[in-house]
Amino acid sequence: GDMKVARPVVVDRSQSRSRSIRGTVSSSSVLAHLRRYSLLRPVRSLRRRDGSFDCLEDSSPLEMKPLVVVGSANADFVLQVDRLPAPGETVSASELDLFPGGKGANQAAAASRLGHETHFIGQCGKDANGDFLRKALEESGVRLVGGLKTVEGCGTGSAYIFLQPSGENSIVILGGANQKGWSLGGDEESAIAGAGAVLLQREIPEAVNAEVAAMAARHGVPVILDAGGVDAPLGSDVLRNLAVLSPNETELSRLTGMPTSTEQETLDAARRLLSLGVGRVLIKLGARGSAMVSAVEGGDPEVVRQDAVKVDQVVDTTGAGDCFTAAFAVGFVRGWGTERSMRWASKAASLCIQKMGAMVSLPRAQDT
């Protein structure tokens, strides 16, 4: 069944309000973008399949198209350690837990738990971990395109997470079925064509991401890419089809080859990505919040800052970035605008870090 979710902490409103450095992206421009991509259609019903009502924060007479997530599904083995071992050193773990995870699966579950219809395209092995992930996604309300494809002769992807008492983690990933046997057919293209947006990460082959991004572009569907995953440059065939690219500071530095140790350096690196054809860059800044850098024709890029929502105790940061990106993607599809989407994403991520595990710690709409 569903796990109980930690109650939201009470915070000073000033800590969770967006602030603009060089102006903000207007809601009218965002709606114009959504209409250009045909993301909005007349409402037929806001009732979900289980009989409950979708948790929209406003009373807009619109039905949003679903979010389609294409990406990885992993079994997460979490080892609790006092500290990471030095080279040649052995340390003891106090506990070992198994959780459903993978950046793709986490983001699909997060979006669905936040009340938005979400479809997931992914793969697993023919093993117990595959069944475990399939059940976890279905319990989160995710619709599995093709039932979560089983790759013969290959194990389900897995992640080995070393969790320290501070809540910080280090992760080693074994790709397994996430890296082999991909084939996008009619079911997958139909799902992508009917999406309000497609959300990608970098834990599946880059060629698959490029194919999905091109497919979405053909159907006028915007693509959001979370840069988490493989440490490698992004090809132009992916970059030119991205509406939003979302790295953290480390990923931003690796993608651009530029330093990101100061705010100015971070913004300069984001501008570099804009020059390569990316529409907007959403930078995850950890405890310092997030920043959206958007291209402006004939002028300096616009930057919107969002502070992190403060919590009493950080338990586990695994999955927080996935929760943030997925929540932002839901706001994007619903046409909420940059500031509102970032504020909601920050609040959702703050709930995630107060529980152990990735998918099981993701909040529900009523908690945000």
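**Figure 1. Asn 209 is in contact with Leu 200, Gln 201, Arg 202, Ile 204, Leu 225 and Val 238, leaving aside its neighbours within four places in sequence.** Contact means heavy atoms within 4.5 Å. The model is predicted: local features need pLDDT of at least 70, side-chain atom pairs count only at pLDDT 80 or more, and totals for chains, interfaces and linings use all residues. Residues are numbered from 1 along each chain as its sequence is written, and side-chain values use heavy atoms, with hydrogens and water left out. Asn 209 sits in helix α5, residues 206–218. Helices (H or I, at least four residues) and strands (E, at least two) are DSSP runs, numbered from the N terminus. With a relative accessible area of 1%, Asn 209 is buried. Buried means under 20% relative accessible area, exposed over 50%, and partly exposed in between (1.4 Å probe, protein chains only).

Figure 2. Of its 368 residues, 52% are buried. The chain exposes about 15800 Å². Carbon and sulfur atoms supply 50% of that area. Accessible areas come from the Shrake-Rupley method with a 1.4 Å probe; for residues, only the protein chains shown count as cover. Take the contacts between residues at least 6 apart in sequence: 70% of them join residues at least 24 apart.

**Figure 3. Lys 103 lies in helix α2, residues 103–113.** Lys 103 counts as buried, at 15% relative accessibility. Residues up to four places away in sequence are not counted here; beyond them, Lys 103 touches Ser 72, Gln 201, Glu 203, Asp 226, Gly 228, Gly 229 and Asp 322. One of these partners is Asp 226. Lys 103 and Asp 226 are 123 residues apart in sequence, yet 8.9 Å apart in space, C-alpha to C-alpha.

**Figure 4. Ile 121 is a buried residue of a strand.** The strand is β7, residues 118–121. The relative accessible area of Ile 121 is 3%. Ile 121 touches Val 68, Val 69, Val 70, Gly 71, Val 145, Trp 182, Leu 184, Glu 188 and Ile 192, not counting residues up to four places away in sequence. From Ile 121 to Gly 147 the C-alpha distance is 8.5 Å, across 26 residues of sequence.

**Figure 5. Leu 148 has a positive phi, near 70 degrees.** Most residues other than glycine have a negative phi. Leu 148 is found in the loop between β9 (143–144) and β10 (149–151). Leu 148 is buried, at 2% relative accessible area.

Figure 6. Phe 162 and Arg 83 are 79 residues apart in sequence and 8.5 Å apart in space, C-alpha to C-alpha.

**Figure 7. Helix α9 (residues 320–334) and helix α10 (residues 338–352) pack at an angle of about 150 degrees, with axes 8 Å apart.** That angle makes α9 roughly antiparallel to α10. The α9–α10 crossing is right-handed. From α9, Ala 320, Cys 323, Phe 324, Ala 327, Phe 328, Val 330, Gly 331 and Phe 332 take part. They meet Ser 341, Met 342, Trp 344, Ala 345, Ser 346, Ala 348, Ala 349 and Cys 352 of α10. The residues of this contact divide into 13 nonpolar, three polar and no charged. Ala, Val, Leu, Ile, Met, Phe, Trp, Tyr, Cys and Pro count as nonpolar, Asp, Glu, Lys and Arg as charged, and the others, Gly among them, as polar. Axes are lines fitted to C-alpha atoms, for helices over the stretch in contact, and angles run from 0 to 180 degrees between N-to-C directions. Angles under 35 degrees count as roughly parallel, over 145 as roughly antiparallel, 65 to 115 as roughly perpendicular, and the rest as oblique.

**Figure 8. Helix α7 (residues 249–256) packs with helix α8 (residues 263–275) at about 50 degrees, axes 10 Å apart.** That makes α7 oblique to α8. The crossing of α7 and α8 is left-handed. Glu 249, Leu 252 and Thr 256 of α7 make the contact with Thr 266, Ala 269, Ala 270, Arg 272 and Leu 273 of α8. These residues divide into four nonpolar, two polar and two charged. A crossing is left-handed if the near helix is turned anticlockwise from the far one by less than a right angle, and right-handed if clockwise.
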